[in-house]
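Let's take a look at how this chain folds up. Keep the structure open beside you as you read.

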Amino acid sequence: MSEIDDGVIKYERHFTPSPALKSDQYSGLEHWRKKLYHLKLIGEYPDVFIGYGNLSQKILGLDHLEFIITATQTGKFQDLTGEHYTIVEDYDLEKNAIFAKGCMDASSEALTHAAIYECSSDINVVFHIHDNYLWNKMLEEKYDSTAKEIPYGTVQMAKAVKQIVSGKTSGLFAMAGHLDGIVSWGNTLDEAGELILQLVKKFNP
Ligand SMILES: [Zn+2]
């Protein structure tokens, strides 16, 4: 167990090194990731070398929630392999704890994904992208958004996310307190992905 402290947020991380995922476990995610990477909605901020954007998909047929998510700091890579995807096998929203297994640790935003999955058993996919222009447009046009005072990766964020997502099996929201952060969720990969493509189309005609 280790703790990452970026000055504000503390995660309790439990990581079990495990073999790389097989391509049939992540090929659907990778298909959409390529599209979003191409649109620079997943990538890396060049000045500070911080990766952004993460995608996840629920593993079906289990009696508890597990999901596959892009690993931490993979935003810069054009193509991902089974080493760059990780399984979140358990988590604790109240304690801000993530239990992951794979070759690399899970994205630090995995708990936001978990909070969304908890809202409905029909939600199978969560995409988190970054884009300054789209983010500003969403806030201007009063899309659903989490409050400015709430940073990502906190218990408050998990609660705020649940308020927005609850009762909706698909949708989009902006995170006002997480610069450029936008989230879509849906029943299928295509549903979550198309919501983002429609957003791009709407504001970048
Ligand atoms: Zn983010």
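## Two helices crossing

A crossing is left-handed if the near helix is turned anticlockwise from the far one by less than a right angle, and right-handed if clockwise. Helices here are DSSP runs of H or I with at least four residues, strands are runs of E with at least two, and both are numbered from the N terminus. With that in hand, the crossing of α2 and α4 is right-handed. On the α2 side, the contact is made by L111, T112, A115 and I116, and α4 brings M157, A158, V161, K162 and V165. Being in contact means that the C-beta atoms of two residues, placed from the backbone, lie within 7 Å.

One note on the source: this is a predicted model, where local features need pLDDT of at least 70, side-chain atom pairs count only at pLDDT 80 or more, and totals for chains, interfaces and linings use all residues. Residues are numbered from 1 along each chain as its sequence is written.

## A spot in strand β12

Now find I182, which sits in strand β12 (residues 181-186). Is I182 buried or exposed? I182 is buried, because 25 other C-beta atoms lie within 10 Å. (Buried takes 20 or more such atoms within 10 Å, exposed 12 or fewer, and partly exposed is in between; C-beta atoms are placed from the backbone.)

I182 and L134 are 48 residues apart in sequence, yet 8.3 Å apart in space, C-alpha to C-alpha.

## The whole chain

Zooming out, the chain has five helices and 12 strands. Of its 205 residues, 41% count as buried.
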